[in-house]
Every structure is written in C-alpha cells, then in structure tokens.
Amino acid sequence: METKKPKLDIEKPVVAKAFDVLVIALFAAALVYLVLQWDQFPDRIPAHFGAGGEVDRYGSRMELLLLPIIGVVMWVGMWMLEKYPHAYNYLNLRPDNVEIQYRYGVLFMNVTKNISTLLFVFLIWQTTDIALSRIDSLNMPIFITILVLLFGSMGVYFYKAMKL
C-alpha cells in the first residue's frame, strides 16, 4: 500500500543553509579564478581526464565554460527540488514517518547538491591549473575524497531511511 504523500512545509536545517552559502562562495571564487586566468589560457586546454587523473583529451578553451554552466544548472535544479520533498520517491514511507522522511529527503538533496557542486569547483580549479602548466594532472586524493563524500552521504541517507 502506498502512503499518500502530503505537502508539508519542511524548514531547511541551519547547517544546510550554511553549506549552501559556503558552496556558493567557493563556486563564485572558482568562477573569478577562471575569469582572471582566461587571457593566459593556451588555445588547447584539458577537456577530459583518464582514471589516473592524466589529461587524455584536449579541446578549445570554450569547453571549459561547460563546467560552470553545468554546475549552475545542476545546483539550481537540485535547489528547486529541495523545496518539494513530497515529489520524491521514498523507501519505506509510512504515515508515521512522513515528516522525518521529508526532513531526511531535504537534507539528502542539499548534501548531494552541494558536494556535486564542490566537484565542479575542484574540476574548474584543477583544469585551469593544468591548462596553465602549474600542475600535470588532477589531484586524485582530493578527487577521490569528494567522490567518497558524495557516495558515502548517499549511503548514509539510504541506511537511515531504511531504518525508519
């Protein structure tokens, strides 16, 4: 039996609001860094990386603009989804746990949105530095840490949701 999903006004936790501000500031800083370095870029810049973080394809500098564009579209889309937790598909949703499931859902969406955006910040920063020959490849420990945080937070959410 499917539980009817009521529309509840779920307040975003203060920690989620703070995470938003931090990530927006870091993303803005990455954009400023990109703009400030733009005139120094060579005609061909890194456009794709192999599993070890090495550049395996170069492209035009215009391709670098895809990272901030995708990052903004994704952040805004997930920000909008945060506002409608009743639209999510839930595991183990029952009348007695709807509110807590919605709270978990809002926090899950916030963390996923912000860690994904941090991945874009990292890629903008690293691609810029590789294009300017400041470094040779992606910093894989940082890259892997971001991915572990992203997928680990998803695992924590699913674990907590299933325990309800």
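## The largest pocket

Strand β1 is the top contributor to the lining of the largest pocket, giving 4 residues. This is a predicted model, where local features need pLDDT of at least 70 and side-chain atom pairs count only at pLDDT 80 or more, while totals for chains, interfaces and linings use all residues. The largest pocket has a volume of about 250 Å³, meaning the space filled by probe spheres set on grid points joined across faces, edges and corners. On a 1 Å grid over the protein atoms alone, a pocket is an open set of points where a 1.4 Å probe fits, with protein on both sides within 12 Å along at least five of seven lines; lining residues have an atom within 4 Å of a point.

The lining of the largest pocket counts 14 residues, and A47, H48, F49, L67 and T127 are the closest to its centre. Two or more lining residues come from each of β1 (44-49), α2 (66-82) and α3 (98-131).

## Fold and packing

Residues are numbered from 1 along each chain as its sequence is written, and side-chain values use heavy atoms, with hydrogens and water left out. The protein chain has 4 helices and 2 strands, in the order α-β-β-α-α-α. These are DSSP runs numbered from the N terminus: helices are H or I with at least four residues, strands E with at least two.

Of the 164 residues, 42% are buried (under 20% relative accessible area, 1.4 Å probe, protein chains only). The C-alpha atoms fill a box of roughly 60 × 25 × 25 Å along the principal axes.

Key:
Buried < 20%, exposed > 50% of the residue type's maximum accessible area, 1.4 Å probe, protein only.
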